Amino acid sequence: MSTPRAFPTFSRLGAGLAAALLLGACSGDRPAAGTGAASPADASAADAATASVDPANWPQPAWPFADDADLERKVDALLASMTVEEKVGQIIQGDIGSITPDDVRKYRLGSILAGGGSDPGGKYNASPEEWLALADAFWEASMDTSGGGKAIPVIWGIDAMHGQSNIVGATLFPHNIGLGATRNPELLREIARITAIETRTTGMEWTFAPTVAVPQDDRWGRAYEGYSENPELVASYAGVFVEGLQGKPGTPEFLDDHHVMSSVKHYLGDGGTGNGKDQGDTVVSEAQLRDIHAAGYVPSIAAGAQAVMASYNSFHGEKMHGHKPLLTDVLKGRMNFGGFIVGDWNGHGQVRGCSNTDCAQTFNAGLDMAMAPDSWKGMYESTLAHVKSGTLPTERLDDAVRRILRVKFRANLFEKPKPSERALGGRFELLGAPEHREVARRAVRESLVLLKNQGGILPLSPKSSVLVAGDGADNLSKQSGGWTLTWQGDGTTRADYPNADSIWEGVKAQVDAAGGRAELAVDGAYTRKPDVAIVAFGEEPYAEFQGDLSNLMFKSGKSGDLELIRKLKADGIPVVAVFLSGRPLWLNREINAADAFVAAWLPGSEGGGVADVLLQGADGKPQHDFKGKLSFSWPRRADQYANNHGQAGYDPLFAFGHGLTYADNGDLAALPEDAGIDADAASGNTWFERGVPTTGFTLRLVGADGTAMDVVHPAAKTGDGSLEMSAVNHEVQEGARLFAWTGNATVQLLSNEALDLTRETNGDVLVVATLRVDAPPADGKTTLSAGCGEGCRGEVEIGQTLANLPRGEWTRVAVPLKCLRLHGADTGRLDVPFELTAGAGSRIALTRVTASTDFDHKLDCPTN
């Protein structure tokens with residue numbers, strides 16, 4: 001039984017026509033869409049039984065490569081000469097953080113990758129020269145036959161997510177959510193072309209892009225990797241982006257030295273997981289999976305994408321890395337995909353019955369290359385054993401290897417010299433080249449969405465006195481977001497962005513040139529009262545599951561963004577708010593407080609593009625008008641998760657396609673300031689905030705005699721008097737709790753529901769406590785623990801760490817979740833994620849406990 005279709009299916013309506021309909025509807029006047037793109041929460045009860053997949057219901061894009069007898073002869077000849085060990089090597093991919101050129105030389109692996117946080121020498125800011133030298137070393141290893149084996153060139157894949165964003169100096173384009181707002185497919189083609197060029201300079205020939213997810217719940221931490229909630233818009237971009245990266249099939253430019261292989265990702269349904277939980281379960285009908293989540297694959301296959309990446313998510317409980325009907329029967333069979341399927345980071349290890357180092361099931365389901373970053377050796381050995389035992393049939397192995405070799409021959413890699421001797425190898429002047437940055441600057445201009453322009457305050461005169469404030473004003477890390485030099489996009493410095501301008505730098509350059517006055521004051525403490533203030537603020541950088549939210553409430557940073565805007569307004573200064581984010585969020589209070597409000601998304605390296613639109617030209621007229629239109633609907637409330645255009649009950653604050661221009665009346669009536677949730681409730685993996693447990697958590701004190709009490713009031717004391725709690729001020733009145741021990745007692749945080757922190761544990765997330773040590777215990781012993789009942793408790797000693805901290809100062813102390821797991825905690829089902837035990841004499845204040853990667857002091861995990 002299928003539900004009414006939300007959008008015309010691509011098997012019946014060509015992708016080009018669908019795109020034309022969409023692009024002609026940028027104002028939001030879109031063709032009627034039936035019941036709409038339902039989120040997982042909207043799936044009917046009948047949908048729960050629709051896990052079956054019928055390939056006959058799926059579209060049949062044409063693979064753009066004709067049969068090539070010469071190519072097939074080359075593949076057949078090489079395959080026939082290969083040993084089983086060499087074949088298995090081709091289907092295993094290791095990460096540069098865990099593999100060396102000598103490993104490639106010995107095991108004859110077919111591919112390597114540099115995942116988020118993997119860099120030459122372990123340096124996030126490794127030079128382009130170091131990247132290229134490593135590319136040469138791996139290539140030379142793969143071609144070295146001195147120890148036997150065939151010379152089969154290795155291919156290097158990398159997440160060039162918004163430009164070649166792993167390399168210092170590269171052009172950084174807006175993230176996909178911003179590109180979705182441009183409604184400009186040809187601009188996307190040019191961005192992809194430039195990304196390929198800059199990627200080739202450092203020796204890689206393969207990028208894991210584009211992401212064609214169709215996010216249906218903006219709480220998802222990867223929402224900004226999607227172009228839109230609308231499948232037609234995603235489809236209109238997917239094929240042209242693939243062509244921009246690879247070149248057009250059938251032309252001399254296809255996969256030449258100026259282009260790179262594309263991996264379209266993540267197949268399938270990553271944007272539709274329940275509650276927006278990364279790597280979760282997508283419970284929708286087959287029709288919704290096809291018409292919404294597969295929309296981008298149809299034009300991508302037609303454009304000749306050489307690889308598709310399998311997704312972490314499940315479909316009705318079955319992991320995609322092990323889903324044969326969708327990987328083999330639909331993608332390779334019905335949809336005519338002739339490239340190869342690569343896995344995601346140890347995604348095969350999540351398949352039922354598998355581990356990171358052993359999973360014949362994933363290959364039998366249709367995966368052709370396992371991404372086994374740190375597990376490659378075990379995966380190689382177990383896969384070899386499976387082939388020899390027949391668990392993995394030789395026919396399936398040969399098919400996978402054939403697909404990989406076909407791509408390598410198609411790219412002429414067997415005829416190419418090492419990466420540094422190819423056409424663009426070492427041409428580092430192309431990283432952040434002026435002509436590349438100009439395209440990125442144009443993309444910024446076209447991505448900005450104007451939501452409010454009260455009294456026509458914009459555009460601003462550059463001849464006036466302009467204050468630029470907010471913690472996003474001069475912050476290229478915040479401006480660029482995740483997947484920028486580091487996995488999470490944090491931990492970088494201004495020196496890491498030599499070819500970039502912050503928003504402040506972009507504004508200052510134009511104001512100075514016009515004879516005005518520009519001042520930077522992040523906290524708004526100006527030296528001379530300005531005529532106007534631009535306040536740039538927003539989300540801190542994040543990537544993947546670390547960006548998952550429990551609601552859409554925007555939480556002001558340490559600078560207090562709302563308070564900053566209100567303070568400037570109280571001083572009689574008009575305020576233009578520039579919001580940096582990876583998704584629409586509820587921030588009606590900030591919109592109300594500001595005179596103008598601009599959704600700038602994550603613009604990347606070109607802050608000058610923001611200034612181009614906000615500031616007038618020499619003639620007093622706009623230099624560039626606002627062109628951006630919302631590609632994601634803006635929430636009316638912080639609990640409005642199912643908020644996609646065309647959906648039943650659709651009622652956003654700002655609809656899909658909305659975006660003002662300078663010709664429009666930009667006045668906006670005051671918005672309701674009821675978020676629909678507790679405005680002070682924490683989101684994500686925060687368990688204790690401002691001295692109180694967050695929703696779903698309980699604070700418990702356990703005395704030395706073992707008796708426990710749940711805490712409700714700001715002051716409490718155990719029955720035996722061994723632990724006393726009182727409220728103290730920190731950032732806000734009573735924003736922390738001070739615990740004083742007179743005996744061996746415990747502070748616990750209990751979760752109402754067991755927490756599954758498996759993803760966080762594997763992703764090197766830590767339990768981070770923001771605390772102040774006023775006095776250490778007399779015996780020096782303090783432990784931090786987590787658990788889930790008998791036989792499921794991990795405890796580590798942190799007494800020495802606390803003893804070394806300065807007295808009376810707030811700091812963030814972190815214990816890796818991996819460490820707690822090593823010591824016995826099952827991080828997949830924690831009901832006590834935090835437990836602090838100390839002895840007599842201890843005085844420790846606590847304000848916040850969270851699962852995070854942001855800390856001041858990290859415990860080195862003891863092994864015993």
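This report looks at the disulfides of a predicted model, and then at one asparagine, Asn 551.

**The disulfides**

Let's start with the cysteines. How many disulfides does a search of the whole structure find? The answer is three. If the word is new to you, a disulfide is a covalent bond between the sulfur atoms of two cysteines. Here are the pairs, with the values computed from the model:

| Pair | S to S distance | Torsion about the S-S bond |
|---|---|---|
| Cys 354 and Cys 359 | 2.1 Å | about 60° |
| Cys 788 and Cys 792 | 1.6 Å | 60° |
| Cys 819 and Cys 861 | 2.2 Å | about 85° |

Now, who pairs with whom? Number the bonded cysteines in sequence order and you get the pairing 1-2, 3-4, 5-6.

Take Cys 354 and Cys 359 to begin with. The torsion about their S-S bond is about 60°, so this disulfide is right-handed. Cys 354 is buried, and Cys 359 is buried too.

Next come Cys 788 and Cys 792. Their link is right-handed, with 60° about the S-S bond.

Cys 819 sits in helix H23 (residues 817-822), while Cys 861 is in the segment after strand E32 (857-858), so the pair ties together parts that are 42 residues apart in sequence. The two ends have their own surroundings. Cys 819 has a relative accessible area of 2%, so it counts as buried, since the cut-off for that is under 20%. Cys 861, on the other hand, has a relative accessible area of 30% and is partly exposed.

**A look at Asn 551**

Let's move on to an asparagine. Where does Asn 551 lie? You'll find Asn 551 in the loop between strand E15 (532-538) and helix H18 (561-570). Its relative accessibility is 5%, which is why Asn 551 counts as buried.

What does the side chain of Asn 551 contact? One partner is Ser 550: the two side chains are joined by a polar contact of 3.5 Å.

Note on methods:
Residues numbered from 1 in each chain as written. Predicted model: local features only at pLDDT ≥ 70, side-chain atom pairs only at ≥ 80, totals over all residues. Heavy atoms only, no water. Helix = DSSP H or I, 4+ residues; strand = E, 2+ residues; numbered from the N terminus. Buried < 20%, exposed > 50% of the residue type's maximum accessible area, 1.4 Å probe, protein only. Polar contact = N/O pair within 3.5 Å; in protein donor to acceptor, adjacent residues only side chain to side chain. Disulfide = S-S within 2.5 Å.
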